[in-house]
Amino acid sequence: MLSFEKEFQEIGHCGGQYTVDVKTAADGRRSYQLGMRHSRPTPASFFAVYFLPQGIPVGMIQLGGIGQAWNPAPVPGSLSIFIASDTQSMFGHQCQRCGGYWRSRSSPVRWQMTCPYCGLRAESHAFLTEGQLKYAKACCELIEQALSSDKDGESVVDMDKVADAVGKDSEKPKFYYAEQSQQNKYTCPVCKELNDILGRYGYCSSCGTYNGVYELESDLKDIRDKIAKGNQYEDCARDAVAAFDSFARQIVKQLAKRIPMTPARQKEWTGKLFHNIKPCADALKTVFDIDAFKSFKQDDISFAVFMFHRRHIYEHNGGEVDEKYIKDSGDTSVRVKQVIRESSQTANRIVGLVSKMAQNISDGFHEIFPAEDMPIKLQQNSRKSKVATGV
Ligand SMILES: [Zn+2]
Ligand SMILES: [Zn+2]
């Protein structure tokens, strides 16, 4: 769920020092070693990127364990630059296509990263922020200066000064940058990546799973709790349908944005409302081969259709049946002006059906835009080994 207390706060850089150590051998040959050290009490993590000396990122570095070689640079002469996290051990990212900004705990090296907002998938180094690029450029310049000077010894890009400058009005160091907390900080239920995104809905930037169905589940959980407490069942049924409507609208907006289609069709799907579920479900099946009613019994479909129409009378008519409801729903068990009431059983039933429909839509959506396999398998394996060792 959204928590509004800490959004859009500046989260400081974790600090540390990027070092270049130049040595001249007896035969006059000069060599250099790049390093990163961190001695502040705040959490810190790093990833490493190959840069062209001009400050252009060209590839991620797979930092192996001790004794393991790194993957070679895609371009000879590339420099290895360490990019550090903020003080919450999260990294900022920015999408080159939509401009969206977000934070996450990791920057994948063995699979591609996904923009939470537009779904663009590319290697992680394509999502560096302006601040990270500015810092990396400063590191590249430092290496060049250190090598072109005739003195040996260590040169430093001091990110501790950057960390110290957070929240202060004093002049900031040249390569100052900080990250910013967003609105929905959530752990992806599939791969366990921690994401922090603007708004509520988005793709997990590690595995690419869309979070819509999980956000809906959290709404449905609240509704189930209200039903259990005997709260207004009509409101609960209405809220379940409304929550599904928000979820489905987000999904079809993504379809309209990401699948090439005519402007007219794009407009139609972008503005689609899910108040009348049957024609919407039929259109989803016909146009995108997404079956909202997959493995539903006819009886459940009819019940869901009724309940979606009932939302209208709970929302606008104080629960009184009108002609429109009878005409649209085909519900012949009630008459005009009659007040409809729900029970805990009918309210729970629609919550269950909404949940199933959303799962079907989400599955169909990911058949079109599959998630990344590797982070999901890694997570499943780690869960299995935890079970096996009893951790
Ligand atoms: Zn994007
Ligand atoms: Zn994920």
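How far apart do the C-alpha centres of domain 1 and domain 2 lie? In this model, the two centres lie 45 Å apart. Domain 1 covers 10-197 and domain 2 covers 212-370; these bounds come from an automatic or database domain assignment.

A word on conventions. The model is predicted: local features need pLDDT of at least 70, side-chain atom pairs count only at pLDDT 80 or more, and totals for chains, interfaces and linings use all residues. Residues are numbered from 1 along each chain as its sequence is written, while chains are lettered from A and ligands numbered from 1 in the order in which they are written.

Let me begin with the sheets. Helices (H or I, at least four residues) and strands (E, at least two) are DSSP runs numbered from the N terminus, and two strands pair if DSSP finds at least two bridges between them. In general, strands of a sheet pair through backbone hydrogen bonds, either parallel or antiparallel.

One open sheet has three strands in the order S3-S2-S11, with antiparallel pairing. Its edge strands, each pairing on one side only, are S3 (30-37) and S11 (153-158). Neighbouring strands here are turned by 20° against each other on average, direction ignored. Six bridges connect S2 (residues 17-24) with S11 in the antiparallel sense, and Thr19 stands opposite Val156 of S11.

S4 (residues 46-52) and S6 run antiparallel and are joined by six bridges; Phe47 has Ile83 in S6 as its bridge partner.

I turn now to helix packing. Two packed helices are described by the angle between their axes and the distance between the axes. Axes are lines fitted to C-alpha atoms, for helices over the stretch in contact, and angles run from 0 to 180 degrees between N-to-C directions. Angles under 35 degrees count as roughly parallel, over 145 as roughly antiparallel, 65 to 115 as roughly perpendicular and the rest as oblique. Residues are in contact if their C-beta atoms, placed from the backbone, lie within 7 Å. As to classes, Ala, Val, Leu, Ile, Met, Phe, Trp, Tyr, Cys and Pro count as nonpolar, Asp, Glu, Lys and Arg as charged, and the others, Gly among them, as polar.

H3 (residues 212-228) packs against H4 at about 180°, with the axes 10 Å apart; H3 and H4 are therefore roughly antiparallel. Contact residues include Leu216, Leu220 and Ile223 of H3 and Phe244 and Phe247 of H4. By class, this contact has 12 nonpolar, two polar and three charged residues.

H3 also packs with H9 (residues 344-368), at an angle of about 175° and with axes 10 Å apart, which makes H3 roughly antiparallel to H9. Among the residues that meet are Leu216, Glu217 and Arg224 in H3 and Val351, Val354 and Gln359 in H9. This contact divides into nine nonpolar, six polar and two charged residues.

Finally, H4 (residues 233-258) and H5 (residues 263-270) pack at about 165°, their axes 8 Å apart, and are therefore roughly antiparallel to each other. Val252, Lys253, Leu255 and Ala256 of H4 make the contact with Gln266, Trp269 and Thr270 of H5. These residues divide into four nonpolar, two polar and one charged.

Definitions and conventions:
Contact = placed C-beta atoms within 7 Å.
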